[in-house]
Amino acid sequence: MRGTTVGTLPSFAQPLRIGTLTLRNRFVSAPMERNYCEIDGTMTDRYIAYLERRAAGGAALIFTEASYVRADGKGRIRQMGVDVDDRIPGIRKMTDALHAHGALVGVELNHGGRTAQGSVSGFTPVAPSPVPCAVVGGEMPEQLDEDDIEHIIECFGDAARRCRQAGVDVISLHGGHGYLIHQFLSPAYNLRDDKWAEPTLFVNRVIDAVRAAAPDVALGIRFSAFEGIDNGLDAETTRARIDAIDTDRLDFLDVSAGNYEAGQWIIQPGEWKRGLLAPYAEQYTRDFDIPVGVAGRISSPEAADAVISSGQADFVSMARTLHADPDFPNRVLAGERYRPCIACNYCIDSLAAGPIPCSVNPWVGREMEQPSLRVSDAFTAAVVGGGPAGMAVARELALAGHHVDLYDERTTLGGDFALASGLHEYPEYRQIVQWYFDELADLDVTTHLGETVEGLMLAEGNFDTIVLATGGRGPTIDLPGSHTRRVRDVREFLLAAEPPPPSITIFGADREAAAVADELLQHGTRVVMVGPQQQIAHDVGRRGKIVLLPRLASAAGLTTYLSSIITAVDHDRVEIRTDGHARWVDAPGELLISHGIEPRADLLDIARSLEPRFGVHTVGDASGDGGSIHAALVTAADVAARITVDAAAVSKEQVGA
């Protein structure tokens, strides 16, 4: 059944046949590398708990991740492996857990080829041709010879056998994103002149091997509809490649885009349209007699329904959306609110460092630690500050049964994060602010907006615990001549919500400076940026700034002086020092300072003097943990959990007495 609406059911609620299997709905938890396995690629209880939450959340098919079939194809430190039989018991434990929730289980078979680096795998990378991948380190790969190609094909078959022995229902071959199969398909990376120059020979041989090793498995291929690079595969050439693949031996197609040199198409930024790859999937859905899925910013039920009901795809592959809210399928099927992904790409940018978190969900990767404890008595809590950390701790406390009063001196919730949500680069940020607002309302959190909290107010409230989420302030910068023009912290500028000025100077080149400069440039403001950093937005991951930096680099209205500091200010110029050399440069307009923030601790001593029985706590910027929304929310969640444990212990003592 394709994506037609049946009765009152939305298109994504309908079951779908893939091979001999039936998906209970059209939501597929897409393959997503997470670094949750052991170093040797073995499945862990942590990873099982993560996947099990997504199965319990209602997704029809749960993929793990791109899993290496041979050790030299490993691209991540804790990537899942299917390369030896020792992996089978862990995968079996995982499939049993997911099947118990009615979900099907999928594994994506992969070899990284030129994208796998020896610093991770311990081996020299191999590829169809010796074309290095600078994005991940640029190690020169060895060209595969005939015997090695045959061995990797055999490894794909062996990996499929292991998956079936472990109870895996669905196997997807990773034929996109610039990995080995894709490298054979691409004219940019397959420069051979032997029989393997034929671009689809390798993938068709892999299909042969997998079908021989696991004849009853539901088998498909994920591919990039285009690469997004010069001399690579465009949409037309990709279609010709897919036409030449033995798709009559496959049960589904899954459409994505991009490669490592065009990573913005693999993991799209939040400023791009939702469902933007669906038009590229439409021809495959129309012309092939097997189900077709598509990925690409499908982060709302409206986007999912539009893709499926229009016939552009039969199912939607969702990675970050279900990373942020494992219950997304069940919630949208019931017409309920879900926690939104803000497409900040913090998850993907964390891959190089280890296990990936989520900016908006503090329990991602910590499912085994997520508390379910509720207090039997309604203890009172005051939360001062309504930014992300304050909203998060208020929500967690209210969920645990506490009575919460939330105070903020501003007239709206969201703090500085809400200011950022109005910028060109962060259009999805407002979604999580609104989600918290609605959650707090449903949980009967008493919100006091436009109120400045003082010690007497806290004392009169006689709260059992006080949480300070009061944020921070920009540091005071004393510059000679600063009296000659207006000088403000960049956050004060955003809070004022004034019309964009004709020109402005920003001292700093960090995340906030870059985002504000980008916003002002959209409105025609001339921007001069002076920063001690060697590069703009040094504190943002590669994927998080993958479209921002090229846009800034091409902006005619932006003048930058990096590795420089401002040492003096005049009316329309500043003195800068670069490598020990001073000079005056034109720098008109107001001077904005973007030098980070320092915690606001105004109320800390007063609150502690009140000695609330469950203590005084600081979260977010007020505690120094506000470098990212993820850090702020994790601190908030952990503080709420500690307060609840202490409160439950008191309740138990009171009952015992």
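## Surface and charges

The chain exposes about 24,900 Å², and carbon and sulfur atoms supply 49% of that area (Shrake-Rupley method, 1.4 Å probe). Its charges number 59 positive and 90 negative, and their mean positions lie 2 Å apart. Here Lys and Arg count as positive and Asp and Glu as negative, leaving out His and the chain ends.

## About this model

This is a predicted model, in which local features need pLDDT of at least 70, side-chain atom pairs need 80 or more, and totals for chains use all residues. Residues are numbered from 1 along the chain, and side-chain values use heavy atoms, without hydrogens and water.

## Overall build

The chain holds 21 helices and 27 strands (DSSP runs of at least four residues for helices, H or I, and at least two for strands, E). With a radius of gyration of 27 Å, close to the 26 Å from the globule rule for 657 residues, the chain is as compact as a globular protein of that length (C-alpha atoms; the rule is 2.2 Å times the number of residues to the power 0.38).

Buried residues make up 60% of the 657, where buried means under 20% relative accessible area with a 1.4 Å probe, counting protein chains only. Among contacts with a separation of 6 or more, 71% join residues 24 or more positions apart; a contact means heavy atoms within 4.5 Å.

## A look at G385

G385 sits in the loop between β13 (380-384) and α13 (388-399). At 8% relative accessibility, G385 counts as buried. Leaving aside residues up to four places away in sequence, G385 touches G390, M391, L406, Y407, D408 and A469.

Note on methods:
Buried means under 20% relative accessible area, exposed over 50%, partly exposed in between (1.4 Å probe, protein chains only). The place of a charge is taken as NZ of Lys, CZ of Arg, CG of Asp or CD of Glu.
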